[in-house]
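Reader: I have a model open and would like to go through some of its packing with you. Could you take me through it step by step?

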Amino acid sequence: MSKAAIASTPAERVAAPHAQVPLLKDGRFLRIWIVGGVANTMRWLELLAVGIFVFDATDSAFLAAAVTALRSLPMLCLGAFAGALAERSDRRLLLIAGLFGMAAIAGVLALLAFTGRIAIWHIALGALANGLYWSGEMAVRRTMLGEIAGIERISAAMGLDSATANGTRMVGPIMGGLLFETVGLAGAYLIAATLYALAGLLAVSLTHAETPRPPRDRNVLANVLEGLRYARTKPLIAGTLAITVLMNFFGFPYSSLVPAIGRDELGLSAIAIGLLASAEGTGALLGSIVIAVNREAWPYARTFLIGSMLCLFATFLFSRSPWFSLAFAMLLVGGVGSAGFGAMQATIIFTQTPAELRSRVMGVLTMFIGAGPFGMLHVGLMANWLGASNAVSVATSEGFLLAILAALIWPALRQR
C-alpha cells in the first residue's frame with residue numbers, strides 16, 4: 001500500500017498542511033499526546049498501588065493477579081466492538097466521556113478508602129469499569145493521534161507516543177509505590193481522579209476532523225467481522241496480532257506478580273517495589289528514544305519481532321534473579337525489547353490498513369491485547385502452586401518458544 005493511497009482521506013488531507021510543523025508545536029497533536037501521557041501514568045500508578053494493597057490484604061498472588069486482570073478483560077470482550085463503535089461515533093466525545101468516567105470512578109474509590117469502607121470487590125469493580133476506557137484507547141485516542149499527525153508524520157508520532165507511554169511505565173509505578181507508602185490507597189486514587197479530570201478538560205478543547213464513517217445501515221457486528229477478515233488476509237497484520245497475543249498472555253502478566261516477588265523473595269518495601277516495577281518502563285523509554293531518533297533505520301516487522309523476543313528472554317532472567325540490582329537490570333533490558341514491540345505494533349497496523357478500516361482493525365488489535373487477563377490468571381495460578389518467580393519463568397519460556405513458531409508461520413515478520 002502506497003503512502004499516497006493511505007493519505008487520500010479527508011482527515012489526513014486536513015492534517016497535510018501541518019505536515020512540516022514539528023509535532024510538539026502542533027496544538028492539536030500536543031493535546032492528544034498529553035492526554036495519553038496523563039492517562040497512562042495514572043494507569044500504571046493505580047495498577048501498582050492496587051496490586052500492593054490487594055496482596056497485603058489477602059496474601060494471595062493469585063487474587064492480586066486476578067484483580068489486575070479485570071482491568072484488561074474488557075479489551076478482550078469489547079475491543080473489536082469498541083473499534084467498530086468508534087467508526088460510527090464522534091471519537092472526541094468518546095474520549096472525553098471515558099476520561100471523566102475514570103475520574104469519577106477514582107473519586108468514588110478515594111472516598112471509600114478515606115472512610116475505611118473500601119473492600120476488595122470495590123477495587124475489582126473499579127478495575128473492570130476502567131477497563132472499558134482502555135478497551136477503546138487504540139480505536140479512539142491512538143487513531144485520532146494518527147489522523148492528526150497525518151501519514152507524513154505517522155512514524156514520528158507513533159514513536160513519540162510510544163516513548164511517552166513507556167515513560168509513564170517508569171513514572172507511574174514509582175509514584176504508585178511512593179503514594180501508597182506515604183498517603184495510602186486513598187491518596188493514590190485522589191490524585192488519579194484529579195489528573196483524569198484535567199486530561200478530560202484538555203480533551204474538551206481539542207478539535208479534530210475524522211475519517212468518513214460507515215453507513216448507518218451496517219451493524220456493528222458486520223464491521224467487526226470485516227475487520228477480522230481483513231486482518232486474516234494480511235500476513236504481516238496476522239503475524240503482528242499473533243505476537244501481540246503471545247506478549248500479553250506470556251510476557252507482560254509478570255507485572256502483576258512484581259509485588260509478590262518484591263516483598264516475599266527480594267524483601268523490598270513498597271517504594272522499592274515501585275522502583276523495581278519502573279525498570280521495564282525506564283528501559284522502554286530509552287529504547288523508544290533510540291528508535292524515534294533513528295526511525296528510518298528500523299524495519300517495522302523485524303524490530304517488532306526481535307524486541308518481543310528480547311523482552312521475553314530478559315523477563316525470564318529477571319524471574320531467576322536473587323538480587324534487586326540484577327532483577328532491576330534484567331527488567332531494564334526487557335524494557336528495551338518491549339520498546340521495539342510497542343513502537344512498531346500500532347505503526348504496522350496503521351500503515352498496513354486502509355483509512356476506512358483503521359478503527360475497526362485497531363479494535364481487533366485491542367481484542368488481541370485482551371489476552372492479558374488470561375495471562376495474568378495463568379501466572380497467578382502457577383504462582384500459588386510454584387511460587388511467583390517460577391511462574392514467571394514458565395510463562396516467559398512458553399512465550400519465547402511460541403514466538404519462534406510464529407516467526408516460522410508468518411515469514412513477513414522476519415522479512416520487512
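Reader: To start, at what angle do helix H17 and helix H18 pack, and how far apart are their axes?
Author: This is a predicted model, where local features need pLDDT of at least 70, side-chain atom pairs count only at pLDDT 80 or more, and totals for chains, interfaces and linings use all residues. Residues are numbered from 1 along each chain as its sequence is written, and side-chain values use heavy atoms, with hydrogens and water left out. Helix H17 (residues 372-386) packs against helix H18 (residues 388-409) at about 135°, and their axes are 7 Å apart; helices here are DSSP runs of H or I with at least four residues, numbered from the N terminus.

Reader: Which residues meet there?
Author: From H17, His378, Val379, Met382, Ala383 and Leu386 meet Ala388, Asn390, Ala391, Val394, Ala395 and Glu398 of H18, where contact means heavy atoms within 4.5 Å.

Reader: Switching to serine 393, is that residue buried or exposed?
Author: Serine 393, which lies in helix H18, counts as buried because its relative accessibility is 8%, with buried meaning under 20% relative accessible area, exposed over 50% and partly exposed in between, for a 1.4 Å probe and protein chains only.

Reader: And what does serine 393 touch?
Author: Leaving aside residues up to four places away in sequence, serine 393 touches Phe316, Ser319 and Arg320.

Reader: Where is arginine 229 found?
Author: Arginine 229 is in helix H10 (residues 220-233), and at 45% relative accessibility it counts as partly exposed. Its C-alpha atom is separated by 9.6 Å from that of valine 361, 132 residues apart along the chain.

Methods. Axes fitted to C-alpha atoms, helices over the stretch in contact; angles between N-to-C directions. Helix = DSSP H or I, 4+ residues; strand = E, 2+ residues; numbered from the N terminus.
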